[in-house]
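Visitor: Before we start, could you show me the sequence and the model, and then take me through the terms one at a time?

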Number of protein chains: 2
Amino acid sequence: MAGKFMTIREMCDLFDVTPRTLRFYEQKELLAPERTGNRRLFTKRDRARLKLILRGKRFGFSLEDIRQILDLYDPDQNNLPQIKRACKLGTQRLADLEERRKELDEAIQDLRGQLVIGAEMISYAQATAAE
Amino acid sequence: MAGKFMTIREMCDLFDVTPRTLRFYEQKELLAPERTGNRRLFTKRDRARLKLILRGKRFGFSLEDIRQILDLYDPDQNNLPQIKRACKLGTQRLADLEERRKELDEAIQDLRGQLVIGAEMISYAQATAAE
DNA sequence: CGTTATGCTTACGTGAACGTAAGACGGTAC
DNA sequence: GTACCGTCTTACGTTCACGTAAGCATAACG
């Protein structure tokens, strides 16, 4: 049923988005589903791209940022300069992500510390209440 | 000059944001600077909160999400139920962040792989061009 | 002491990322 | 055949996160 092509509804159910969202992404050239008549047919490629799109969004990238990143994932094989540009941009993006990971680790440490403090406040409150 | 209080401009320079942004965050109750007359005076607490705000934004949280997180970082010490709620929410948020880290690691691995492919494409193109 | 910078409030404007409603078209279930 | 999905296009509406301009008060500088 979903071997090669998927309808827009199947895509929506699979990724938990609305049809409007998929059409919007197509309009922004983030997706490029096939057509039969004027019905959209989403391929494996579209699914892979959508996964990347949603992931990017969860990390605060704009759709325009994401479009640039997507180009990295399937550049025009016959266009060497474009491949080189994509690699350069990708290397830069990688450094970006690694920086983000450091920040994320820091945030996790902070939050853990805060939870310890919270736990202390609770046990202290209970201790004084028991007096 | 910036020992205890900072002007809005000093804050802007320090965090690379506009005055409008700081006023906007205050209106949304993310910050609560003191006042002298009607001039805002930002304290160490505001600086700590702003750091958290900007960090949250980089990870795609909405300002409303962030407001909830901020409450975690200085709950009302006299309100035990609120502390407990904050801890619960914080624990949940921690799991959330750790999930994000897994995703981020995945994204980094993907991108590294993609860069390898790109490098291969470049060297292949150059090899065939040399024939 | 006038000019220039900084800050305040109020309020309308803007770009991104969709939501939503209207109307038309094609398959298909009865 | 017609009633009903599912999908399409077009287009106006909406929310979030600020930008920007106007008008006024105060502070800092020379």
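This is a predicted model: local features need pLDDT of at least 70, side-chain atom pairs count only at pLDDT 80 or more; totals for chains, interfaces and linings use all residues.

Guide: A pocket, on a 1 Å grid over the protein atoms alone, is an open set of points where a 1.4 Å probe fits, with protein on both sides within 12 Å along at least five of seven lines, and lining residues have an atom within 4 Å of a point. Residues are numbered from 1 along each chain as its sequence is written, chains are lettered from A and ligands numbered from 1 in the order in which they are written, and side-chain values use heavy atoms, with hydrogens and water left out.

Visitor: Which residues line the largest pocket?

Guide: The lining consists of B:Arg67, B:Gln68, B:Asp71, B:Leu72, B:Gln82, B:Arg85, B:Ala86 and B:Leu89. Helix H4 (63-73) and helix H5 (80-129) of chain B each give two or more residues to this lining, helices being DSSP runs of H or I with at least four residues, numbered from the N terminus.

Visitor: Why does B:Gln82 count as buried?

Guide: Buried means under 20% relative accessible area (1.4 Å probe, protein chains only), and B:Gln82 has 19% relative accessibility, so B:Gln82 counts as buried. B:Gln82, whose place is in helix H5 of chain B, touches B:Pro75 and B:Asp76, not counting residues up to four places away in sequence; contact here means heavy atoms within 4.5 Å.

Visitor: What makes the pair formed by A:Arg39 and a base nitrogen of DNA strand D a polar contact?

Guide: A polar contact is a pair of N or O atoms within 3.5 Å, and a polar side-chain atom of A:Arg39 lies 2.8 Å from a base nitrogen of DNA strand D, so the pair meets the definition. On the phosphate side, a polar side-chain atom of B:Lys57 lies 2.8 Å from a phosphate oxygen of DNA strand D.

Visitor: Which element gives the most to the surface near DNA strand C?

Guide: H2(A) gives the most, with four residues, where a residue is near a strand if one of its heavy atoms lies within 4 Å of it. A polar side-chain atom of A:Arg20 lies 2.9 Å from a base oxygen of DNA strand C.

Notes. A polar contact is a pair of N or O atoms within 3.5 Å; within protein, one must be able to donate a hydrogen and the other to accept it, and residues adjacent in sequence count only if both atoms are side-chain atoms. Buried means under 20% relative accessible area, exposed over 50%, partly exposed in between (1.4 Å probe, protein chains only).
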